[in-house]
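I opened a new notebook page for this structure.

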Amino acid sequence: MHPLNWVIVVGWLAYVVVHGIRRSTGTKKIEGYFLANRSLPWWAVGLSVMATQLSAVTMIGTTGQGATDGMRFVQFYFGLPLAMVILGVTLVPFLHGSGVYTAYEFLERRFDAKTRSLTAFLFLVSRAMSCGAIISAPAVVFSAIFGWSIAWSVAIIGVPAVLYTMVGGVQAVTWVDVKQMMLIVTAIVAVSITLLVQIPVSPSDALHIAGAAGRLRVFDFSFSLTNTYTFWSGVIGGTFLMLSYFGTDQSQVQRYLAAKSVDEARSSLLISAYWKIPLQALVLLIGVLVFVFYQFERPPLLFNPAHERLVRKEQPALYGVLESKYNAGLVARDVAARAVAQARHGGRGTDEASAMQTYRAQAAGVDSVRTEALSLAERVSGQPSRDVNYIIPRYVLDHLPIGLAGIFIAAVIAAAMNAISGELNSLSTASVIDFYRRWVRREASDEHFLMVSRIATGFWGIFACVVATYAVNLGSLIEVVNRFGSFFYGSILGVFLLAMIPRARASGAFLGLLAGMTVVGVVNFGAPSVAFLWHNVIGAVTVVLVGAIISAFGAPRVD
Amino acid sequence: MSGETNGSRRFRRTLASVMFVQIVTLCALWFLQWRYSA
């Protein structure tokens, strides 16, 4: 990469660390450290909420998905605006008004200590592991592209984020998130414009080519429990998932608990409702445009440079044959793509349909050679190829102008830091408030709790970095943990829904939670084809039903 | 609505604009599919 790009990346990292630490004013007490003394403006909280859920996976994985699979992933977010509105009028006033530090603390006030401790424990386990996965995904890509060791890649992302989160608490996290969101949006818009300039046909022709390759299919109205990306799974399953995530996950709840008032807290959530679908559509569209760009520019046979080097070394003859077939196919596909644009301008529908058909046939030929190369890479390396994650980084490094490539790489690191800083802050809060202050030491000075909170942030930061460093070998374990996470996400939402039913009792909540997780576990192993978005619906509904029935037959509530 | 706070007014206004933006976005995505994926 050009030295100017490195100057931009290093300059940005230094800037966010200094900015975060300078923003740590007012964190002499625990309420300032965890909740910024409930003083943050709604727009800053809203941007921080968006930044926490926009990770490096969005920047490189989702764009790659746009290039290979098209726009249909956007349906996943169709439930988000509805979920934000529901939370704005239900859970947010409950949580903000009750003056708690964590969502789980609210559950003890409403139910009992064991329900609080179980939900907080489940949060700690799942978030700590996912924090490692969030660092690991871009670290693996950087390692393959720049030739760094995994540990060095993890350190570049993890150390600055841990540093400013440890020192500055939620203030540093929020204000750094605001700045980093600006960088990320600038990078996304700048790359979109650059792509439109670089593609040698008009934007309309480019979209026709993308459409012919099936990349612009957005809506799938089929009702299927096994297909993750349909309109209905997005609207119904997505609404439950987003309700769970934004309403009960401390990494999100803590952001809006730091807002000045209930009104500011719920207004902050509407920023996500406002921008999430357009932003996600734009991110996917970048992938689609990169796909079109590579119809006219020679794409590498394997985007992962580490796999490319390895296969070239281990199987030079076989790879050479595949490359020859690939190059011939690319020439034919380029001619066919240009013929589509020409036929459109000729104005004869029959010519256009025939050009489209030829283009599709040539594209299918190129795809089949790539599939052969990917399975060869998997055989030689003994690892899944995950080539989709390397499409955008390779485009950025090979084709973006000097300066813009640096901005994009800085934005990827920024996205990873945003996601982990919010999560580290919330992991520290749950550890200190829900366990240390609840079970170990109830009374102590603010200075003591502040010191313990900083140590907890540092501990979770190191834990996440260690998980990320060894995540390449722990791949299946992380998958197990994520799968385990889907067992209880909807169930925890069910407990919060139950909390809003006046007749609900503590025994109903706790047993309902166990029943919800069990039913989702049974569905997961008994019917593994059911898409995970539906697990949230099943879990939440089971908890509410079981909890309500047990409460109805249990002892009356004593307040 | 005399008892309504500034925050509540902003929430209602933002809510209306959220709905508007989502409808426009879904229409744009629908147009993209209808116009170019046929």
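I began with terms: a nonpolar core is a set of buried Ala, Val, Leu, Ile, Met, Phe, Trp, Tyr and Cys residues joined through C-beta atoms within 7 Å. Buried means that 20 or more other C-beta atoms, placed from the backbone, lie within 10 Å of a residue's own.

I noted that this is a predicted model, where local features need pLDDT of at least 70, side-chain atom pairs need 80 or more, and totals for chains, interfaces and linings use all residues. Residues are numbered from 1 along each chain as written, and chains are lettered from A and ligands numbered from 1 in the order written.

**Core.** I looked up the largest nonpolar core and found 204 residues. A:Ile135, A:Val290, A:Ala411 and A:Ala416 touch the most other members. Helix α13(A) gives this core the most, 21 residues; helices are DSSP runs of H or I, at least four residues, numbered from the N terminus.

**Helix pair.** I turned to α8 (residues 113-146) and α19 (residues 446-469) of chain A, which pack at about 50° with axes 7 Å apart. Axes are lines fitted to C-alpha atoms over the stretch in contact, and angles run from 0 to 180 degrees between N-to-C directions. That makes α8(A) oblique to α19(A), oblique being what is left after under 35 degrees (roughly parallel), over 145 (roughly antiparallel) and 65 to 115 (roughly perpendicular).

**Chains.** I found 23 residues of chain A in contact with 17 of chain B; contact means C-beta atoms, placed from the backbone, within 7 Å. On chain A's side, α13(A) gives the most, 10 residues.

Key: Contact = placed C-beta atoms within 7 Å. Helix = DSSP H or I, 4+ residues; strand = E, 2+ residues; numbered from the N terminus. Buried ≥ 20, exposed ≤ 12 C-beta atoms within 10 Å, placed from the backbone.
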